[in-house]
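Visitor: I am new to this structure and would like to learn how to read it. Please show it to me first.

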Amino acid sequence: MGEFEVHRVRFFGLVPAGVRCMAYQHNGRRLALARTDGAVEVYNFAANYYMEKVSGGRERGGQGWRLFGAGLSGDITEYDLERLRPARAVDGFGGPIWSMAANNDGTRLAIGCEDGSVKLFQVVPGGGVQFEKNLDRQKGRVLCLSWHPSGTHLAAGSIDFIRVLDVHSGRTAQRIMVNCHVPKSKKRECVVWSIAFLSSGTVISSDSFGRVQFWDWERGTLQDSHTVSSSAALSLAVSEKEDSIVVGTSAGATYQFQLLPVKAGGQEKRWVRTKPFQHHTHDVRAVVHTPTALISGGLDAQLVIRPLMEKVQKKGYDAALRKFTLPHRRLVSCARKARLLLFQFSQHLELWRLGSTNKTGKDGETLPLSRMPEHLLQLKSKGPEHIYCSCVSPCGSWIAYSTASRFHLYRVQHEGDSISVKKVPGVPKLLLPAYQLLCASDSGRLFIASDRGSVHVVQLLEPGGCKHLHTLRPPAGTREAVYLLASSADGNWLAAVSGDWEVHVYSLKHFKHHCTVPTYSCAVTALAIHPTTNNLFISYSDQQLFEFSIPEKQYTAWSRAVQNSGLHKLWLERDSPITHIAFNPKNTSQVLLHDVYMLCVLDKSLPLPDDSAVLVNQSTLKQLSEPARRRQLHAFKICKKFQVGSPLLFADLLDERCLVTVERPALDISAQLPPPVQQKKFGT
Amino acid sequence: MHGARAVFSVGARFLLCASGDFVKMYSVATEELVQLLRGHSDLVTGVQLAPHNRLQTFTVGYQLLALYALPSSEDSVFVIIPKSGERDTFQLVSVKLTKAAGQDMEAKELSVVLEGVDASPKCTAFGREGEYVASVKDVNLQVYFFKQKQLNRFSLRATNKKGGNNVFTCVACHPQEDCIATGHADGKIRLWRNFNHKKEYTFSTLHWHHDKVLDLAFSLEGTSLLSGGVESVLVQWHCGSDCKRDFLPRLGSAIEYVSISSDGTFYCTSHTDNRITIINSNLRFSKTIQGLIKARDVKTGLVVDPRTKALVLNGEPGHLQFYCLQSDKQLYSLDIVQQEYIHQAGLNQSDLVRVAFSAQGKWLATVEEREETDLELQLKLWFFDEETQSFKLNTRISMPHEDHITAMCFRDTDEMEDDSLMLVTTGRDCVFKVWVILEDTDPEAQQSLSWSCDFVGSYHSYQATNCCFSEDGSLLAVSFEETVTVWDSSTWDLKCTFCHPPGKIRSICFGRLTCSKYLIGATDHGFLCCWNLLSCALEWSAHLNVVVLQPDPLSEHIAAVSWLFKESSLFVFKPNEARPICIQRKFCKERIQFAAFVPRDVPETIGSEKYLWLRRSQLFFLTDTQELMTVSTKSAQERLTLSSKQLAVEESLPVTPFSLLLGKHRHQQSQGDVDLGKIVHHHHEQDSPAVKELLHTPAHVLPSASFLCPIFINSLLVSKENKSTEETPDEVEMESEEAEDDSDEENSVTEMKQEDKMPLESLGETTHRLSKSEEKELRKIRKVDYSWISVF
């Protein structure tokens, strides 16, 4: 008989939204990514590509220096990256905005509108944008824009033509027909999907014919043309040095072009198509060229970071291919006592009851279900805003969720098999939005993470009421919002992590700041307080693990030992952050960690593996004899059974004997995507 | 035509290709063999034009595995040689050429350029203006820059995640830019750039081939890349783009080499089936130079078409080739299987296994089989259509037997009446079947004649292995494992049985003409038996491990080839006497697979008693390695020489009067060799061919009239004067003989080319181009010639 009874949940029908556009900031090494459902995510490359911030929205468009968004609503929105929400919006007055580009020094913003106009906006240093001028308007929506690095000219791509606009005079300096080489009989509409303006005066365009073309803008002549795909070439990005570009096509392939000397040592250089990459199955809608990597995002919701091996100095974390599909956040909350799971979608919540069995079986055996899992409830949020966070109380009778502007609390009544939901009236007007919600283990209190480092404590009252008890604030104050919370099982302690990666511990008895965990240079990805020892267990985005004793206000001996000996090399090279930490109530030394690809039981009583040891050794251990096995044992017991094509979204211990895992098979995700561009495959 | 890329001469008028021990020069315009260059005693492995003298060619052979000549380095060439002391390691060395006048050169100054290169000439290529050399082996590419003396190595992973095979197969360098194209085992082509940087190199991939890329070539300006592989499709890639490419499909068989003429007007592909295709630069098929097609496996044996006297055997997959021996060229190829051949490893395709002609060649029977989980057999009968002059399918019988068909023969009778025609097939399903023609009375039917089964015979459920009709067609002998049964062909009664245990019967045949009362059989256990059909008793037997038993259709002689101690021996005998007429022991070190008597057009007059059996027909053999050999009587000493020990490769000289002439020369030359320096030259034999040559050679390949005149006149002169004349066509001959006499050195610059080609170029043009030193050399050679001739 196995150690745990595992509920393998596969009914979480999450479909991540496709990537629409991306913007990369070189200095901060941060990438902003907008999805088709309007969500904006910010990835921090310095912190191992951790997804730092998420902001709900409705926009579609490009971003600039400070993060701006523009979309089909016709507004330019500036995002408040501290409070993770749209800050200000200005109407562009040109209909839907199809493209947006900021100049090199980030002082001006150009937008391309449906009506064919290109408008310039001044970026106001304090915040917001101010309309500056209209450039020459010509019929046809402006689908893409690119500034000349000097800021004097703008290239704008429309259907069938490219325009180069003089920024100073506002006149059209050059108009290039993209389609003039095609015989008239075969003429189709040629959509210029993406454009880039190089300092040499070369304009690069990618169009719906799958061509990448290089134009001399002053003469309006074609320099070079490469057909990369039979379907459209959708996106284009240039490296900072302007010696390499990356093109994304609707067949899911990305291509790199490089400016290479024709002869060694010669002056003449030419653009040559070099490497093809096929990481996506669908349209590659956005590409970014960083100095060391090609980043592409597609409609298949994948963000792929492909390092350029020749630019990476040493083999290490940056040299590996990364693929992100699912968010680095917890979208599942679990009512341990009531055995309920709450799934968070962008617009609604689903409450499920776990199935149960009355049989017991051997290790590895699949047990028959006596009761099927049951879909109890679907809560739809009103309005267009995305649900930002949600939680269900351990007893299963409270559900809370928050959108960008509203906070909702529901009381769930279980009467036999029927279930009724009542909205709790009189929710206190708090500073919103809430970034994280957490219920105390006795279901008596709800913790609401808010901006400026504050955490609101709300008392949940039977039969259906609530009262704001207190607001906890860090002593020094911060501008960043709290994004992770953890409370102790005895209800005495609460740990909160704010956007500046500081971990504050509060005493709930006295509603007082207790201590601050020493700051570490990486983002916290998950934390939890041990139910018996009250040690705070923290995992960081660089895969480091710390254990901090709250009563003693210092790192524990085990944590120091870990830091001294260092973690296993393979452990540190994993590419997805730990998203949840849980403890085994039966064995106090066991900690349950999981990321998208694995589930790990960390046994603190066992020795740490050194670099020569095999990290993932569970299957080999099984075949060994008892004494040999004992020799080989180490602290990390990693299970990858979940990995094959089904990422692990959530894993938690319901009680001493029961483990629940939520998987999302990748096949199910791809089945819900629209069919990809039909391609003839050899041999089929 | 193997072992080396074909090379176009300057001006793309001639094509030079290595063929066995020779280099053959073909005319591009007429696809005719213009000249045969000799001088090597082993396989020629490389041919290159001398870059500075357009009249010179370099050739290499024996232990020099590949040759490269660069225009930038005038006095040195590059060759790949085995590294001394180590097996299977090769190195690229540069060789300083001495300015000696001789044809062969001994090079002493060697300097190693690259170590550990692949032996194949396709795996090393020289880059733009000879600035670098690229060589691939396994998964490694190494590039050596001569000026910087810098060696860069790049390696790929052996296999990638998607199951690709990254092993390099060939390399080519861009003529203008720093770009290297490499072909890979999984069909990918990589274009490398920036390879002067160790780290920041980059490559792009072109992928169309589904299997190994066998050769690559850049066009003259480097704007397009040609690639070829087993798909037998020539692919032209434009500007390194994956999307823009042109194809020239259906080239017949896998492309082994691709080469381009120096002016870019012609491409040339050498194929695995012993063929060269010349292609216009607009990818239009132009000419083909076809030898005896090398089939994957000759299963049909050697069969003689009675109508054309052509040798018939497997050709392209599923085809039957008709190969004319007299003219040494392929007559035509008949598609039997009539299915698209798909090049894919592990795919079982229908193949032709048996062929039989009726006595006058009116009917052709073929058997094809395909073996997958169960056997698919088809027996097809073809009728010779006089109007179209080709065979037309008459009857198709699927699954004529339950198991493999082992033998098939027609009854050789007067074919005027079709109803007497009879076909017998024997199968491993223990039966033999007799097929006859039925006349369809239905006037609606498309054809009045069709074949159907008449009789099924068996003997103690033994497997039927061979069948044979007697000369008059009255008796049929069928061998069943250890037993030979003789049947009356009119009543299908079993007449008698013969047995010579132990050992199964390997082959049987009836005697002919005066010996028609005898039946000959060869057994597994090395016995050759002769039974008398009248007495039904064993006449004689001999202990001989006979692998091939072949009766001559025009005489009573029977040839038997034995295989003993890894040598093949030939015995020719008459069935009525146990003593062989002719024994030729150990004439070949390879196992003979098949033999055939080909009737001569004109009976030869043979003085020697020993070779009387060759008077009316000629005997040909096919060995394991698909070499075709013949027994010749033409030797001056009446010795049996293997006159046309033609490698299948070499088989391909198309028939021209010139080639015939050369062929004759070759015989004499082989005698010359035997005579150990005592060179006897039969000038009188060449007289008439010289005239013939004049009359038959197409006008556009003829040299100028001023050149031809003396030849013509000389040929009419009596032989005495012939010896003293200087510019006779056999000068070539003598020259090369001289070369052979002292051909101890391998690396030879064939100077004779110089002499020979000069008249062929327009004379006035060439004279002023010759440098003084060359003129000197020429004069020297002429002097040598005189002295040499004056020996006679």
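Visitor: Which residue's side chain does a polar contact join to that of A:Thr281?

Guide: A polar contact is a pair of N or O atoms within 3.5 Å; within protein, one must be able to donate a hydrogen and the other to accept it, and residues adjacent in sequence count only if both atoms are side-chain atoms. Here the side chains of A:Thr281 and A:His282 are joined by such a contact of 2.6 Å.

Visitor: What should I know about the model and its numbering?

Guide: The model is predicted, so local features need pLDDT of at least 70 and side-chain atom pairs count only at pLDDT 80 or more, while totals for chains, interfaces and linings use all residues. Residues are numbered from 1 along each chain as its sequence is written, chains are lettered from A and ligands numbered from 1 in the order in which they are written, and side-chain values use heavy atoms, with hydrogens and water left out.

Visitor: Where in chain A is A:Thr281 found?

Guide: Helices (H or I, at least four residues) and strands (E, at least two) are DSSP runs, numbered from the N terminus. A:Thr281 is in the loop between β24 (269–278) and β25 (284–289) of chain A.

Visitor: Which residues does A:Thr281 touch, not counting residues up to four places away in sequence?

Guide: Contact means heavy atoms within 4.5 Å. On that count A:Thr281 touches A:Ala251, A:Gly252, A:Asp300 and A:Pro676. Separation in sequence and in space can be read together: A:Thr281 and A:Val262 are 19 residues apart in sequence and 34 Å apart in space, C-alpha to C-alpha.

Visitor: How is chain A divided into domains?

Guide: Domain bounds come from an automatic or database domain assignment. Chain A has domain 1 (1–16 + 473–684), domain 2 (19–324) and domain 3 (333–350 + 376–465). Taken over C-alpha atoms, the centres of domain 1 and domain 2 of chain A are 37 Å apart.

Visitor: What area do domain 1 and domain 2 of chain A bury between them?

Guide: Buried area is the accessible area (1.4 Å probe) that two parts lose on being put together, summed over both. For domain 1 and domain 2 of chain A the figure is about 1800 Å², with 54% on carbon and sulfur atoms. In this contact, 25 residues of domain 1 of chain A meet 22 residues of domain 2 of chain A.

Visitor: How many salt bridges are there between chain B and chain A?

Guide: A salt bridge is a side-chain nitrogen of Lys or Arg within 4 Å of a carboxyl oxygen of Asp or Glu. Between chain B and chain A the count is one. B:Glu177 pairs with A:Arg270 in a salt bridge, the closest N and O atoms being 2.9 Å apart. Strand β18 (residues 202–207) of chain B gives the most to the side of chain B that touches chain A, with five residues.

Visitor: How many residues does each chain bring to that contact?

Guide: Chain B brings 19 residues and chain A brings 21 residues. The area buried between the two chains is about 1700 Å², and carbon and sulfur atoms give 50% of this area. B:Arg193, B:Lys199 and B:Thr202 supply 26% of the area that chain B buries against chain A, more than any other three residues.

Visitor: What does the salt bridge of A:Lys604 and A:Glu547 tie together?

Guide: The closest N and O atoms of A:Lys604 and A:Glu547 are 2.3 Å apart. A:Lys604 lies in the loop between β51 (599–603) and α3 (618–623) of chain A and A:Glu547 in strand β47 (residues 545–549) of chain A, so the pair ties together parts that are 57 residues apart in sequence. Both A:Lys604 and A:Glu547 are buried.

Visitor: Which residues are linked with B:Asp178 in a network of salt bridges?

Guide: The network links B:Arg128, B:Glu129, B:Glu131, B:Lys147 and B:Asp178. Within it, B:Asp178 forms a salt bridge with B:Arg128, the closest N and O atoms being 3.1 Å apart. B:Asp178 counts as buried at 7% relative accessibility, and B:Arg128 counts as buried at 5%.

Key. Buried means under 20% relative accessible area, exposed over 50%, partly exposed in between (1.4 Å probe, protein chains only).
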